Amino acid sequence: QVQLVESGGGLVQAGGSLRLSCAASGQSRYTMGWFRQAPGKEREFVTAISWSTRYADSVKGRFTISRDNAKNTVYLQMNSLKPEDTAVYYCAARTPWTHTTRADEYDYWGQGTQVTVSS
């Protein structure tokens, strides 16, 4: 069983930056991903990291995922934030060492952290 705890969300103006963290219990060799869900919308893939990284087109060049295996923590650095980035951001983990954009292929989820970008 893996527990994921996100932190780092908040309110920021458009063009600003935030860094989200996701601390995982247990072993570190999981594919880690970030998803987000805005009000009235479905949960969508943002980025994932295993032996490589993958990004949604909407965040490429602005967001960066990284991990610190010694701390069992994955980070999401978000720059040049836009109002449309406003959502609850969820950290997710899956055992296979390959990333996927499908939320139903992740085994563990955090509780989510709110990110609000004002215009």
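This is a short chat about the predicted model shown above.

Reader: Hi! What should I know about the model before we start?
Author: It is predicted: local features need pLDDT of at least 70, side-chain atom pairs count only at pLDDT 80 or more, and totals for chains, interfaces and linings use all residues. Residues are numbered from 1 along each chain as its sequence is written, and side-chain values use heavy atoms, with hydrogens and water left out.

Reader: Thanks! How many helices and strands does the chain have?
Author: There are 11 strands and zero helices, counted as DSSP runs (helices H or I, at least four residues; strands E, at least two) and numbered from the N terminus.

Reader: And what is the radius of gyration of the chain?
Author: Taken over C-alpha atoms, it is 13 Å, close to the 14 Å from the globule rule for 119 residues, so the chain is as compact as a globular protein of that length. That rule is 2.2 Å times the number of residues to the power 0.38.

Reader: Now the inside. Which residues of the largest nonpolar core touch the most other members?
Author: L4, M32, W34, M78 and Y89, out of 33 residues. Such a core is a set of buried Ala, Val, Leu, Ile, Met, Phe, Trp, Tyr and Cys residues joined through side-chain atoms within 4.5 Å; buried means under 20% relative accessible area, with a 1.4 Å probe and protein chains only.

Reader: Which strand gives the largest share of this core?
Author: β9, with five residues.

Reader: What does M78 touch?
Author: Leaving out residues up to four places away in sequence, M78 touches G16, S17, L18, L20, R62, F63, Y89 and V115, where contact means heavy atoms within 4.5 Å.

Reader: Last one: how much of the chain is buried?
Author: Of its 119 residues, 45% count as buried.

Key
Buried < 20%, exposed > 50% of the residue type's maximum accessible area, 1.4 Å probe, protein only.
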